[in-house]
Amino acid sequence: MPKWLKNAVFYEIYPQSFQDTNGDGIGDFQGIIDRLDYIKELGCNAIWMNPCFDSPFTDAGYDVRDYYMAAPRYGTNEDLKRLFDEVHKRGMHLILDLVPGHTSIDCKWFQESMKAEENVYSHRYIWSDSIWEGFEGINNITGSIRGISDRNGSCATNFFSTQPALNYGFAKPSKPWQSAADSQEAMATRQAMKDIMAFWLGLGCDGFRVDMAASLVKGDEDGKANIALWNDIRAFLDEQFPEAAIVSEWGQPDQSLKGGFHMDFLLHFGPSRYLDLFRTEHPYFSREGKGNIKAFTDKYQEYVDSTNGKGLICIPSSNHDMPRLGGLLDEEEIKLVFAFLMSMPGAPFVYYGDEIGMRYQKDLRSVEGGFDRTGTRTPMQWNSGVNAGFSSAAPERLYISIDPDPNRPTVEAQMHTEGSLWKEVQKLIVLRMEHPALQSSAPVRFLYAQEHAYPFVYIREQEEEKILVLINPSSKDASCNIEITDNGQVLYSNHGTAFCENGTWNVPAESATFIRL
Ligand code: GLC
Ligand code: CA
């Protein structure tokens with residue numbers, strides 16, 4: 001495990017919407033460079049940046065045209081290298097977004113692959129051998145592209161119809177046109193992806209968030225073929241880039257961490273019960289107090305037991321694919337969300353703007369394949385200036401329109417207000433950095449996580465240090481009995497302080513307390 005992951009707290013940047021510096025209405029690398037000190041002041045020491053490569057942007061850059069070239073709208077490869085250098089100067093790390101499963105239909109590889117004449121790219125993608133044969137019912141294939149080439153065959157897609165699936169083979173090939181996962185053509189695709197990783201790592205990035213990591217080998221019901229593939233890529237990294245980190249968009253740490261990923265996310269899809277926390281009809285972190293934490297902790301415990309301390313299970317505040325916390329929960333509720341995120345194992349991921357409670361914008365017209373995700377990708381709200389300080393362009397030229405609410409939260413206001421959400425997030429990150437027991441690899445033990453009940457109590461332990469965390473998001477005081485009855489030293493409390501009396505813990509309504517035992 002790269003050493004820097006030990007206390008990494010990530011900040012996710014959607015480059016389009018973070019900071020525009022040349023007035024074209026879209027964020028750029030220079031804008032990110034200009035805001036690095038801000039990210040550092042918040043306390044984050046690592047960055048995940050969404051795809052920034054040359055692309056026609058039918059899916060916001062998850063449709064890569066040229067893996068070796070930065071998208072001109074963000075800057076040049078030189079500018080990107082400068083961003084890596086500026087990040088490192090500040091003792092921070094930056095991971096890029098690798099999209100290994102599919103390219104854009106405009107990618108040169110695909111243009112070549114469509115040709116009727118056999119060439120080196122003919123098997124770079126998954127093609128059936130007849131235009132009339134598709135991929136119905138095959139796991140990890142969403143649809144097909146057909147009728148746009150002279151080549152006789154259908155090409156599998158991975159996500160949108162503009163995203164042809166690269167060929168990493170099939171777990172159990174059953175047709176002549178299905179390659180095996182270790183066939184020459186599937187290995188050629190794998191090698192091409194390793195070359196791309198080596199190129200950017202060589203230029204100075206610190207690793208990758210890997211898009212749809214579980215989907216490369218097709219028809220892989222139990223995930224074993226993809227696990228094998230990623231173990232091979234991990235071995236390549238260990239040998240050549242041992243400080244490079246990889247985090248998967250997989251959502252099943254029991255599989256991904258066995259596949260050699262250093263980290264996996266809990267996500268809004270998959271079996272993790274992540275949605276129970278903040279995004280279900282009755283979220284656990286809502287003050288209405290009707291949530292259920294137990295299904296989440298049961299599943300989490302299962303992941304911990306099956307991975308046996310190998311790799312990190314990461315919990316994001318939101319990401320560019322799901323509704324923001326702001327809009328679902330209010331600022332006071334979100335403070336408790338961050339108390340939870342910053343006291344759990346794994347590397348926490350803060351989605352840009354969540355630190356001020358930026359709100360999900362409903363009913364926006366889709367931008368670059370965002371559809372209902374567009375409302376989560378609006379420009380960062382820096383200050384009370386023009387376009388909230390995001391850009392000097394005319395408002396109608398902005399990538400996505402800004403939250404129109406005159407009372408929209410801004411960084412500037414919250415950084416100068418005692419008791420703001422921003423200040424609370426900063427305080428929590430500082431605390432995490434000061435206490436190894438709160439960091440990535442210190443184990444967690446759930447002490448009170450009952451069906452439809454409050455509070456939620458767990459302990460983090462690392463060598464000599466033990467920290468008890470008691471959180472009660474509900475609007476009613478709550479109590480519980482656990483094996484620990486020592487009042488210890490209060491390290492942090494928000495909205496009241498939990499205390500133990502006659503063997504019972506009393507946890508005030510809407511509060512969070514961290515106690516060193
Ligand atoms: C991932 C990305 C999402 C993208 C999709 C296709 O889920 O997070 O934004 O649309 O993959 O690449
Ligand atoms: Ca710009």
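In this predicted model, helix α3 (residues 77–89) packs against helix α5 (residues 184–203) at an angle of about 60°, and their axes lie 9 Å apart. The two helices are therefore oblique to each other. On the α3 side, N77, L80, K81 and F84 take part, and they meet F199, W200 and L203 of α5. Sorted by class, the residues of this contact comprise five nonpolar, one polar and one charged.

A second helix pair can be described in the same terms, as two packed helices are described by the angle between their axes and the distance between the axes. Helix α10 (residues 331–341) and helix α12 (residues 421–434) cross at roughly 10°, with axes that come within 10 Å. That angle makes α10 roughly parallel to α12, because angles under 35 degrees count as roughly parallel. From α10, the contact draws on E331, I334, K335, F338, A339 and L341, while α12 supplies L421, E424, V425, L428 and R432. Here the classes are seven nonpolar, no polar and four charged residues.

Attention now turns to the ligand. Around ligand 1 stand D59, Y62, H102, F159, R209, D211, M212, E249, H320, D321, R373 and R377. Some of these side chains can be followed down to individual atoms. In D321, a side-chain N or O atom is 2.5 Å from an oxygen atom of ligand 1, and for E249 the corresponding distance to a ligand oxygen atom is 2.7 Å. R373 also takes part, with a polar side-chain atom 3.0 Å from an oxygen atom of ligand 1. Taken alone, ligand 1 exposes 310 Å², of which the protein buries 97%.

Note on methods. Residues numbered from 1 in each chain as written. Chains lettered and ligands numbered in written order. Predicted model: local features only at pLDDT ≥ 70, side-chain atom pairs only at ≥ 80, totals over all residues. Heavy atoms only, no water. Axes fitted to C-alpha atoms, helices over the stretch in contact; angles between N-to-C directions. Helix = DSSP H or I, 4+ residues; strand = E, 2+ residues; numbered from the N terminus. Parallel < 35°, antiparallel > 145°, perpendicular 65-115°, else oblique. Contact = heavy atoms within 4.5 Å. Nonpolar A, V, L, I, M, F, W, Y, C, P; charged D, E, K, R; others polar. Near = heavy atom within 4 Å. Polar contact = N/O pair within 3.5 Å; in protein donor to acceptor, adjacent residues only side chain to side chain. Areas by Shrake-Rupley, 256 points an atom, 1.4 Å probe, with all protein chains shown as cover.
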